[in-house]
Every structure is written in C-alpha cells, then in structure tokens.
Amino acid sequence: TPPTNANGPPWTGASHRYLWVHDPLALASDQDYFTPQFLSNLNGIFVLSNYSASQFPAHAQHKLIMSGNGIADNLLRDGENMRTKLLYSSWPSSGLEEVLEAWPRIRSSIPSAE
C-alpha cells in the first residue's frame with residue numbers, strides 16, 4: 001500500500017500522471033484493466049516500441065506516447081563488427097526463449113556463431 005497523508009496518496013496532487021511501460025505487459029491487452037476511469041486519470045502512457053503499443057486495447061491508443069530507452073551519443077563508437085557474435089541484451093521474457101529455440105538453426109547457417 002502506498003504511503004498516504006492527510007490529503008490522500010502522494011500522487012493525488014500531481015498535475016500530470018504518466019504510466020511508463022518498460023516491457024510489454026500481459027495487462028496491456030486486458031480490456032478490463034485499462035478502463036475509461038483508469039485512463040482518465042492519466043495524461044499519457046509511455047511505450048518503448050510499436051510492438052508494445054500494439055498490445056494496448058484500441059480505446060487506450062490515444063494515450064500512448066512513443067519513447068525509447070535512450071543512449072548517450074558519446075557511448076557509441078565506430079568499430080569492427082563481430083559478425084558471428086550475438087549479444088542478447090533484453091529481459092529473458094522478451095524473446096530469449098525464442099532465440100534459444102532458434103539457436104540450432106542459427107548455428108547450422110553460421111557454424112562460427114557464438
């Protein structure tokens with residue numbers, strides 16, 4: 001239970017309310033969760049991809065704001081590509097099982113894949 005004070009929960013006085021969806025939620029496709037009343041309390045819902053946006057019901061689409069994780073330009077550099085190395089850098093629930101299932105086919109096409 002969030003902390004409350006004499007005026008209610010701490011967010012009740014906020015002038016803007018946003019929901020940030022880092023990963024697609026199973027809840028997003030649940031029509032009952034994103035009710036008109038729930039949505040009326042939000043100024044927007046940040047999503048990080050078109051896929052994530054597609055998981056929301058039609059009546060919530062007007063609240064979606066496409067965003068991104070962001071990366072500082074100074075962290076990027078040109079360099080040699082390692083064409084046979086794979087780096088999986090997402091949550092395990094965001095496709096790792098599919099990559100592992102495909103790995104034998106990947107290795108048969110690219111035997112030096114790591």
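Author: Start with a definition: a residue is buried under 20% relative accessible area, exposed over 50%, and partly exposed in between (1.4 Å probe, protein chains only). This is a predicted model, where local features need pLDDT of at least 70, side-chain atom pairs count only at pLDDT 80 or more, and totals for chains, interfaces and linings use all residues. Residues are numbered from 1 along each chain as its sequence is written, and side-chain values use heavy atoms, without hydrogens and water.

Reader: Is Ile-71 buried or exposed?

Author: Ile-71 has a relative accessible area of 55%, so it is exposed. Ile-71 sits in the loop between β3 and α3 (96-109). Helices (H or I, at least four residues) and strands (E, at least two) are DSSP runs, numbered from the N terminus.

Reader: Is Lys-63 buried or exposed?

Author: Lys-63 counts as buried, because its relative accessibility is 15%. Its place is the loop between α2 (50-54) and β3.

Reader: Which residues is Lys-63 in contact with, leaving aside neighbours within four places in sequence?

Author: Contact means heavy atoms within 4.5 Å. Lys-63 touches Leu-39, Leu-42, Asn-43, Gly-44 and Ile-45 in this way.

Reader: Which strands pair with β2 (residues 44-47)?

Author: Two strands pair if DSSP finds at least two bridges between them. Strand β1 (residues 18-21) pairs with β2 in the parallel sense, over 4 bridges. Strand β3 (residues 64-66) also runs parallel to β2, joined by 3 bridges.

Reader: Which residue stands opposite Tyr-18, and which is the bridge partner of Ile-45?

Author: Opposite Tyr-18 is Gly-44 in β2. For Ile-45, the partner is Leu-64 in β3.
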